[in-house]
Amino acid sequence: MSDTFLGLSKKSQALNGFYFIGIEFCSAEYLLGVEKAAEVVRRLSFRYANADGSCLPLKVYSPEEGYILKDTPVYDLGDIKANNFSELELNLLKCKIGKKCTPIFVGGDHSVTYYLIKRMTTNYKDIVVVQFDAHSDFIDEYDDYPHGSVMNETCKLEEVTRIIHFGIRGNLNSQPAVRDSKDKGNIIIPYHKIQKKLKKLLRYLKGKNVYITFDIDFLNPAIAPATNCPEPGGPSYYETLKYLKEVISSSKKIIGVDFVEYNPTCEGSVLTGTTIVNLIMETLSYMTKYNTTS
Ligand SMILES: [Mn+2]
């Protein structure tokens, strides 16, 4: 069995195309398990790999879209491992990520996103962050709950022009956090208001460089239960694909994507991981179709 995502070729630096990059990191003991996400996603992706052992073009076929990845230049860059935030920051800097490539970071709790976006600021100056998440993650307690305040921290990066909290719902949210984010000029789109606000958002994204951070708890836990803060209700798989497709096709370029908060030690690990494998494949397909990698 191959040890790369979809049996792809392994590379040591990211130049042109798309790169799967595992993030082997967990910020707190109560979240342990998230550091194993990339390893499990790679293992579950194997059933979609080319059965003849070839890498590219990928022969992933869906009845709706046909061969979805045959024109997608995608590779596996291996893992970035870290025991603390400064190590994570340093190892991300050491990782060669060129401006002509789009990284797909997989793994870790949501706190990693701050460092991933910070890494992307070495290549980009005006970044809009679209956060698919049930929670705003905008509390102001970075030292105690870095994964719950990651967007508050990200908002302080001068290269980040705006954060879109897309699809927040449920009773774990904090009113002062939501208000604080709004006061700082960010956009809140609660799940129950997506239909009403989507068109305006898509218009806003035109011509923008967009970073997508995807917290697995955005999904209805019926299809993705293995996460630390599952939130009842929420979007189905096809509903989620529709939003991803619209956000990606409306943006000028997706500069990076992350999938965080998958905890394979929680119940429902295979279902959740398989959902993530498919979300990654579809995201790659949309980016190939609608964006330029240069
Ligand atoms: Mn989150």
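**Note on the core, the metal site and a helix pair**

1. Phe5 touches, leaving aside residues up to four places away in sequence, Phe20, Val41, Arg42, Ser45, Asp76, Val277, Ile280, Met281 and Leu284 (contact: heavy atoms within 4.5 Å). The model is predicted: local features need pLDDT of at least 70 and side-chain atom pairs pLDDT 80 or more, while totals for chains, interfaces and linings use all residues. Residues are numbered from 1 along each chain as its sequence is written, and side-chain values use heavy atoms, without hydrogens or water.

2. Phe5, Phe132, Phe166 and Ile280 touch the most other members of the largest nonpolar core, which has 54 residues. Helix 8 (residues 269–290) gives the most to this core, with eight residues. Another core lies apart from it, with 36 residues, including Tyr19 and Phe138. A nonpolar core here is a set of buried (under 20% relative accessible area, 1.4 Å probe, protein chains only) Ala, Val, Leu, Ile, Met, Phe, Trp, Tyr and Cys residues joined through side-chain atoms within 4.5 Å.

3. The manganese ion is coordinated at 2.0 to 2.3 Å by His110 (ND1), Asp133 (OD), Asp137 (OD) and Asp215 (OD). Donors are N, O and S atoms within 2.8 Å of the metal (3.2 Å for Na, K and Ca); water is not among the atoms, so sites may look incomplete. His110 is buried, at a relative accessible area of 0%, and Asp133 is buried, also at 0%.

4. The axes of helix 6 (residues 194–205) and helix 7 (residues 237–250) come within 8 Å and cross at roughly 25°. Helix 6 is therefore roughly parallel to helix 7 (angles under 35 degrees).

Terms used:
Buried means under 20% relative accessible area, exposed over 50%, partly exposed in between (1.4 Å probe, protein chains only). Helices (H or I, at least four residues) and strands (E, at least two) are DSSP runs, numbered from the N terminus. Axes are lines fitted to C-alpha atoms, for helices over the stretch in contact, and angles run from 0 to 180 degrees between N-to-C directions. Angles under 35 degrees count as roughly parallel, over 145 as roughly antiparallel, 65 to 115 as roughly perpendicular and the rest as oblique.
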